[in-house]
Structure formats: structure tokens, C-alpha cells
Amino acid sequence: MSDIVNVSRRKFLKSTGAGAALVLGVQLIPARLLAGGHGHHKAFLANVFISIDTQGTVTLTCSRSEMGQGVRTGVPMLLAEELEADWQRVKIWQAPGDETKYDPPGKDGQNTDGSRSTRHAFDVMRELGAKARLMLEQAAANKWQVPAHEVYAKNHRLYLKSSDKSLDFGAVAELAAALPVPEATPKLKEPGQWSYIGKDLPIVDGVDMTTGKAVYGADIVLPEMKIAVVARPPVFRGKVKSFDATQTLKVNGVEQVIEIPPLADDKPAAFRALGGIAVIGTNTWAVNEGRKKLNIIWDNGPFADFSSDSYDREMKKRARSQGTTVRDKGDTELAMKQAGKVIEAEYFVPFLAHTPMEPPAAVVDANSRPVKVWAPTQAPNETRQFVAETLGLKKTEVACRVTLLGGSFGRKSKVDFVCEAAHLSKVLGKPVRVQWTREDDIQHGYYHAASAQLLRGALDRYGKVTAWYQNVVSPSLMALFNPAQKGMSDLEAGLGLTDLPFSGVPNIKLQTGEIETKIRVGWYRSVNNIQHAFAINSFVDELAHESKRDPLALFLELIGNSTNMVLDEKEGIKEHWNYGDAPADWPIMPNRLANVLKQVAEKAGYGQLSKQGVKPGVGIGLACHRSFHSYVAVAVQVEVNKAGLTVPRVDIAIDCGRYVNPEGVKKQMEGAVIYGHTIARHGKVTTAKGAVEQHNFYDYSLARMNDAPLNVFVHLVEDFVYMKPCGVGEPGVPPYAPALANAIFAATGVRHRSLPIKI
């Protein structure tokens with residue numbers, strides 16, 4: 001459990017709410033370091049705060065960003081549960097970027113990524129709530145001059161047993177503030193006692209979001225603020241050779257044109273601005289019109305010849321070459337030689353764009369001290385870091401306020417757009433909002449990495465898979481920070497490849513190849529799990545067909561029933577990257593994957609629909625995948641005829657351990673199906689002469705009403721053995737595309753090994 005301190009008693013914090021009386025903070029730096037006075041941690045107190053004011057209002061400081069995943073609802077539910085708080089009297093205060101105060105549970109920074117907010121907050125927030133409740137009970141006991149065990153809390157009130165006396169939390173908040181925090185970890189509620197955890201609650205921002213009151217990055221308006229759009233180099237690492245802004249400056253509302261310096265040749269792209277020509281004005285329409293009239297001649301730089309067609313061919317060629325072995329179990333080469341049949345297939349996933357509903361936008365006032373930033377960012381501390389670098393300041397001289405994010409999927413953890421606003425604000429001496437358009441977002445993003453994969457499977461004469469070989473070639477997202485990185489890192493390979501949960505396969509060899517990055521690639525919802533899940537699940541279906549076996553039966557045989565699959569040096573893995581968590585606490589459990597697969601098959605009626613000849617052009621496909629410690633299986637039903645493809649029904653089952661807000665989990669799964677459908681049917685970014693060829697939703701389509709699945713059924717699979725909450729925001733995406741491809745094969749006999757699937 002984490003250290004919890006009484007901040008109000010030490011009179012350290014006054015800012016989490018007007019009239020705050022009791023303020024508790026979670027201290028995530030071990031007490032022994034504080035006692036030893038190591039560096040700046042000597043004065044450090046706490047990272048996550050709750051306060052209770054004299055009116056009884058409970059305010060939780062939310063250190064993670066809300067981008068539609070419901071973190072501002074799920075985490076407070078944990079606190080309210082043990083605090084015995086009235087949910088209607090719990091409020092959220094969004095923390096600014098400051099890792100010295102608001103580093104959230106898990107010690108993994110303020111970044112909102114990795115589907116880890118709830119799983120890392122689960123124990124900490126419940127303990128925080130329980131200790132605050134004990135302090136309130138003790139304060140009431142002192143007021144009534146009775147032993148503390150005579151007092152109990154219920155729904156925001158404190159009751160004296162065997163009497164009609166009661167007090168509101170607010171009535172004793174000041175008294176509680178003078179008490180020490182209980183040292184011992186209190187006994188937490190049993191699941192049968194929970195009032196909030198496991199119950200459906202609407203997200204706290206829902207009303208504001210649906211009534212237009214919610215504040216996003218583009219909603220921030222400051223006095224004297226200017227609006228800016230930027231014409232960026234069409235090719236990554238390109239530069240302005242010359243420009244003429246004469247016609248631009250004639251547009252009514254355009255005031256100024258400013259050049260933003262290009263990326264320095266000796267620095268990695270990271271989150272830095274791409275450079276270009278900014279058009280400054282009084283309104284968005286004017287600056288967009290002005291940008292159209294810029295006459296710019298570009299130096300397209302070292303990647304001017306980058307073509308995704310030739311790049312894709314090179315990836316596929318390298319996938320057939322010897323790669324670097326990242327996992328080696330048994331003797332795959334020998335098993336292949338001894339096999340009755342060896343099956344081989346190639347799979348391909350293109351570059352993908354994030355396309356959040358709200359394109360990037362940020363406001364910076366570079367002339368204030370500290371510099372003020374308002375941004376829809378997943379990474380407020382990285383925002384401060386890169387804005388400070390842009391302005392030549394120290395990070396501590398930059399303050400970052402986090403607005404709501406209108407979707408992100410990983411895009412808004414990269415803060416290049418904030419750096420643009422910072423540079424322009426410094427030059428102008430006024431606050432500036434940089435507004436990206438949809439075209440800007442699609443043409444100048446951080447793309448999900450394309451990949452080519454070669455798989456081979458050995459079958460014995462009974463149709464059993466005796467060996468599995470897989471080689472993946474994909475540019476590394478780590479090249480953002482180290483351009484010399486040309487192959488997938490251990491982290492990227494750990495996203496669905498090295499942790500392949502096939503305990504039933506005796507011989508496994510997994511490899512990765514190298515290729516240079518020529519556009520910005522970066523993490524994306526589910527990251528490398530997308531391409532790994534697509535290839536693995538498609539290939540299992542191919543093996544089943546070749547061996548004339550039922551795909552469900554073969555899946556279950558390959559997965560096996562291991563309850564803890566250990567990856568160690570015996571299989572060539574020196575350090576098992578496990579989503580940043582200890583494998584001992586978050587093991588790979590193939591039996592859970594088998595369980596969700598069986599359950600989704602049953603719910604979807606797989607047994608009847610998988611039989612051949614049910615109806616021409618009708619098919620059902622299965623896929624399953626472990627990611628972010630959760631286990632997800634998908635069954636997709638399709639109908640294919642002359643009119644094209646329709647998806648009448650999708651069943652998706654998830655075992656994410658302990659559910660905090662089931663309604664939130666269901667929404668994430670429904671959203672994942674739509675997002676997965678976009679990847680499967682539409683998503684593809686291509687380049688020619690170095691430039692991205694897509695512009696807007698007319699040529700980079702998303703799933704729309706006329707082709708999206710007609711019905712989505714979400715099944716929450718209870719796990720009564722493993723009770724930790726696991727990731728939810730990302731795990732639903734990876735298995736959708738292969739399930740769809742497998743369904744199309746079942747319906748038509750046509751195998752699709754490349755995304756997007758065109759019918």
C-alpha cells in the first residue's frame with residue numbers, strides 16, 4: 001500500500017478547493033527516501049489529493065486526462081466506495097501538469113496511456129478513502145466523547161451506534177484535519193459490501209459533453225488572444241526554402257505571417273514542432289483562407305523520395321529474411337523438418353492515422369510567468385518539458401492546464417502542436433491558440449507503424465500444430481527519440497508478440513527485422529497489438545482450414561489451459577516486458593483467454609453458424625487476444641453478396657479482472673468494435689514523394705452508419721480467481737480485424753491477409 005499523509009495538518013496545500021478542511025495526499029515516494037533526505041524529494045509530500053470541506057463536499061484531484069475513457073468517473077468511484085461518500089457530493093478537480101505533486105498511483109508519471117489508470121489506482125484509492133473515513137469517524141467520536149468503534153459512516157454521514165445522533169462529513173472535517181493519518185492499512189470492504197464498485201454509473205462529464213458546456217482545447221479564449229494555423233512541410237524533415245505572403249496578408253482578419261523554425265537536423269523529432277509558416281489573425285476562417293494563399297517553395301529534405309509502395313515491398317522482403325530472435329522455445333527448425341505439412345502466410349497492416357474527433361489545438365501565453373498553457377494533452381509534464389525547450393526556459397517556468405480531450409487514441413500525448421503555440425506566443429508577445437484542421441491532423445500526424453509479417457506453422461499428420469514461426473518487420477516508434485532505432489524494441493515486441501499465449505505449442509520461434517522510419521510513427525490505441533493480433537488470429541484460422549479442423553477447437557488447443565505462462569531466459573527472454581508491471585502480479589494466463597473465447601462462441605451461437613452450408617455468403621469468424629493484462633475474444637458475423645459486405649452482429653467478451661464501472665467497460669468495448677472496424681475496412685495512410693496522400697474523411701474513411709456493425713453485444717466475463725482490474729481502453733481493438741477477416745473467409749472462401757479489407 002502507498003503512504004498517505006495529512007496535508008491539511010501540515011498546512012502544505014490550500015488549492016484543491018475553497019474552504020477545504022481535511023486534505024489527504026497519497027505519497028508515492030517511499031518514506032525511507034524522505035527520511036534520508038534524498039535530493040528534491042526531501043520536501044516532497046504527496047501526489048494525489050482528496051479534500052473534504054466544511055460543507056462536506058469531497059473533491060478528488062484527478063491527475064489523469066479524460067479523453068472519453070471515463071477515468072474521471074472510475075477512479076473517484078474507488079475513493080467514494082471506502083469513504084462511504086454520497087456520490088452526488090463527490091467532485092473532480094483536474095490536476096495541472098506537476099509530477100512533484102500529482103504523479104498518480106503506480107509511479108508511472110502523469111501520462112494517460114497504457115490502459116493503466118484504473119488498474120494502478122485500484123488499491124491506492126480505496127486505501128485513501130478508507131483512511132479518510134476512519135479519520136472522520138475518529139473526529140465524530142471525539143466530538144461525542146465516545147470510543148471510535150461506536151461510530152460508523154454511511155452515505156456521507158457519521159452515526160453513533162445505539163442512538164439517533166448523526167453528523168454530516170462537513171461538520172467534522174476540520175476536527176478530522178487535526179488528526180494523524182492511521183498508520184495501519186485498514187480492512188477494506190468485501191465485494192458483497194460494495195455500493196459503487198461493480199455498479200453502472202454515468203460518466204461525470206456526460207451532461208456537460210452533451211449540452212456544450214464541456215471545455216476542450218479549442219474552447220479556451222484569452223484576452224488579446226490571436227488565432228494561428230500553420231502550413232507545415234509536406235514531407236517529414238522538410239524545410240521552407242522561400243515563401244511569399246503578399247496575398248495572404250490581404251485577407252481580412254489576417255494580421256501577420258511568421259516562420260516557425262524547422263526540426264533541427266541533429267535532434268530527434270520527439271514532440272517538437274515540424275516548422276513551417278504560421279498565419280496569424282483574429283479568427284479561424286481568416287487564417288485558414290490566408291494559409292491557402294501562401295506561396296511556399298519547400299525543400300523536401302532527405303525523405304523526398306519516400307514511397308509507401310516501395311517501403312511496403314521492402315518490409316515484406318525483409319520479413320522473409322533472417323530476423324533477430326526475440327523468443328525461442330523448443331526446436332522450431334527440427335519440428336518444421338519433421339512436420340507432415342508446413343503452412344506459410346504473409347500479413348500486412350498499413351500506416352494508420354489517429355483521427356480523434358477534436359483535432360489538436362492549444363493555447364499558450366508565453367509572456368506570463370510561469371508560462372501558461374492550456375492543452376488537451378495526455379502528457380502534461382512532457383508538455384511543460386517541450387514548451388520550456390521551445391522557449392529556452394526551465395520546465396518549472398511552465399504551467400500546464402489540462403482541458404478535456406475530444407478523443408485522442410494516443411495522438412495527444414505528442415505535444416508538437418503546443419510547441420507551435422509557444423513559439424508563436426513568444427514572437428507575438430500575446431496569447432496564441434494554434435488550431436489544427438482535420439487535414440493537418442491526417443497529413444502531419446504520428447502514424448501507427450505499418451508492418452509485414454511472415455508466419456509458418458508445422459502440422460503433424462493428426463493436424464496438431466507442432467511449431468510456430470513468426471517474423472515481424474515494422475519501423476520502431478522509439479525512433480522518435482533515437483533515429484538509430486531501426487527494429488522493434490522489447491516493449492513493442494512485448495505487445496502481443498513475445499507474450500504469445502499459446503501454451504499448447506511445443507516449439508515457438510519469434511523474430512523481428514529492421515527498417516528505417518521515414519515518417520513520424522508513434523503509439524496508437526492498442527499499439528503493436530493491432531498487427532500482431534491480426535496476423536496470429538488469421539493464421540490460426542488458416543491452419544484450421546488446412547488441417548480440416550474447427551477453428552474454435554484449434555484455438556483452444558493452441559492456447560492450452562496454463563494458469564501462468566512464464567517467459568524467462570529459457571526462451572531467450574532476459575527481461576519480460578509486461579506492460580510495465582511485474583509478471584508475478586500480472587501473469588500471462590492462457591486459461592483466461594480460452595475462457596473468453598469459449599464464452600463469446602457460445603453467446604454468438606458459433607456452433608450452429610460455423611457449420612458449412614448454413615446460408616451462402618454467411619459466415620462467422622473468431623479471434624482472441626491478450627493485451628494490457630485483459631483477455632478479449634470477438635465473434636463477427638458477416639453477410640457477403642453482390643451489394644457488398646454487411647456485419648449484422650458482433651459479440652465481444654472481455655475478462656478484465658475486477659470491473660469498477662461495468663457500463664464504462666461496455667462503452668469501451670462498443671467503441672473498440674467501431675474503431676476496429678475502421679482499421680479493418682478503411683484505415684490506410686500512404687505516401688508518394690514523401691508526402692501523405694490522404695487529406696480528410698473523404699479519402700481516409702472511418703466506419704459510418706451504413707457499414708458499421710448493426711448490433712454489438714458485449715459480454716463481461718466474470719473471473720473469480722484473478723481479481724485485479726486490468727486494462728479496458730485498448731484491449732477491445734486488436735481482435736476485431738482478424739475476426740472479421742476470418743468471418744469473410746468462412747462466408748466466401750476468400751482469405752484477406754492485408755488491411756484494409758476491400759470488398
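Start by selecting Asn537: this residue is buried, with a relative accessible area of 1% (buried means under 20% relative accessible area, exposed over 50%, partly exposed in between, with a 1.4 Å probe and protein chains only). Before going on, note that this is a predicted model, where local features need pLDDT of at least 70 and side-chain atom pairs count only at pLDDT 80 or more, while totals for chains, interfaces and linings use all residues. Numbering runs from 1 along each chain as its sequence is written, and side-chain values use heavy atoms, with hydrogens and water left out.

Now show helix 14, residues 529–546, which holds Asn537 (helices are DSSP runs of H or I, at least four residues, numbered from the N terminus). Beyond its neighbours within four places in sequence, Asn537 is in contact with Phe555, Ala623, Cys624, Pro738 and Asn742 (contact means heavy atoms within 4.5 Å).

Next, jump to Val638. Leaving out residues up to four places away in sequence, its partners include Gly617, Leu645, Pro648, Leu740 and Ile744. Val638, along with Trp468, Val636 and Leu740, touches the most other members of the largest nonpolar core, which has 158 residues (a core is a set of buried Ala, Val, Leu, Ile, Met, Phe, Trp, Tyr and Cys residues joined through side-chain atoms within 4.5 Å). Apart from it lies another core of 47 residues, including Met135 and Leu160.

Last stop, the cysteines: how many disulfides does the whole structure have? A search finds 0 (a disulfide is a pair of cysteine sulfur atoms within 2.5 Å). Pick Cys62, and the nearest cysteine sulfur, that of Cys400, is 14 Å away. Cys400 is itself buried, at 1% relative accessibility, and its sulfur sits 11 Å from the closest one, in Cys419, too far for a bond.

Technical notes
Helix = DSSP H or I, 4+ residues; strand = E, 2+ residues; numbered from the N terminus.
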